[in-house]
Amino acid sequence: MLPNEREIIAARDVAAQCATRLQHARTRIAEDIGRQVTSRLAKLRLAGARFAVFVTPLPVREGDDPVWHFEVDGHAARLGPHGWDRVEWCVSTNAGDELRPLPRVASGGELSRVLLALMSVLFVAMLGQRVPF
């Protein structure tokens, strides 16, 4: 093994540890954010609406340097500048509809209310204060 290979392996190990911690934090918080935003949507006259955050492996792309490829939870994943997760904000604005990515589902008025609910949840998380609406 060449000295550079050892450095690459060590750097990959550190990167994988950091990405794993980040993934666990995202996954843990995602469910709570979804539940809280869904609750706030009902108060904003979107009864039956649901909000969820999905954390999935960042897919491997053709042409990527294999040094950035990892196996995460049985799936091939690519390590990017923000970890190896893809975070997708999804919403269903009507009861019974399936969750879809936020930009593809919401109308202007719905989007405004979803963002207000999301911002209020994040504001409370960051500053510990409630936002009245």
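**Surface, cores and salt bridges**

The model is a predicted one, in which local features need pLDDT of at least 70, side-chain atom pairs count only at pLDDT 80 or more, and totals for chains, interfaces and linings use all residues. Residues are numbered from 1 along each chain as its sequence is written, and side-chain values use heavy atoms, with hydrogens and water left out.

**The surface patch**

- Phenylalanine 123 belongs to helix H3, residues 108-127; helices (H or I, at least four residues) and strands (E, at least two) are DSSP runs, numbered from the N terminus.
- Phenylalanine 123 counts as partly exposed because its relative accessibility is 30%; buried means under 20% relative accessible area, exposed over 50%, and partly exposed in between (1.4 Å probe, protein chains only).

**The nonpolar cores**

- In soluble globular proteins, nonpolar side chains tend to be buried together.
- The largest nonpolar core here has 15 residues, and those with the most contacts inside it are Ile33, Val37, Leu41, Phe51 and Val114.
- Helix H1 (3-43), strand S1 (50-57) and H3 each supply at least two residues of this core.
- Another core, of seven residues, lies apart from it and includes Ala19, Val72, Leu79 and Trp84.
- A nonpolar core is a set of buried Ala, Val, Leu, Ile, Met, Phe, Trp, Tyr and Cys residues joined through side-chain atoms within 4.5 Å.
- Valine 37 touches Phe51, Ala117, Leu118 and Val121, leaving aside residues up to four places away in sequence; contact means heavy atoms within 4.5 Å.

**Salt bridges**

- A salt bridge is a side-chain nitrogen of Lys or Arg within 4 Å of a carboxyl oxygen of Asp or Glu, and the count by this rule comes to four.
- Aspartate 85 and arginine 26 form a salt bridge, with their closest N and O atoms 3.1 Å apart.
- This pair links distant parts of the chain, since aspartate 85 is in strand S4 (residues 85-92) and arginine 26 in helix H1, 59 residues apart.
- Aspartate 85 is buried because its relative accessibility is 8%, whereas arginine 26, at 22%, is partly exposed.
- Aspartate 32 and arginine 35 meet through their side chains in a salt bridge (2.1 Å, N to O).
- Aspartate 32 and arginine 35 are three residues apart in helix H1, so about one helical turn separates them.

**The setting of aspartate 64**

- Aspartate 64 is found in the loop between S1 and strand S2 (69-72), and is buried, with a relative accessible area of 16%.
- Aspartate 64 forms a salt bridge with arginine 61, the closest N and O atoms being 3.5 Å apart.
- Salt bridges that share partners join Arg61, Asp64 and Arg78 into one network.
- The side chains of aspartate 64 and arginine 78 also make a polar contact at 3.2 Å; such a contact is a pair of N or O atoms within 3.5 Å, where within protein one must be able to donate a hydrogen and the other to accept it, and residues adjacent in sequence count only if both atoms are side-chain atoms.
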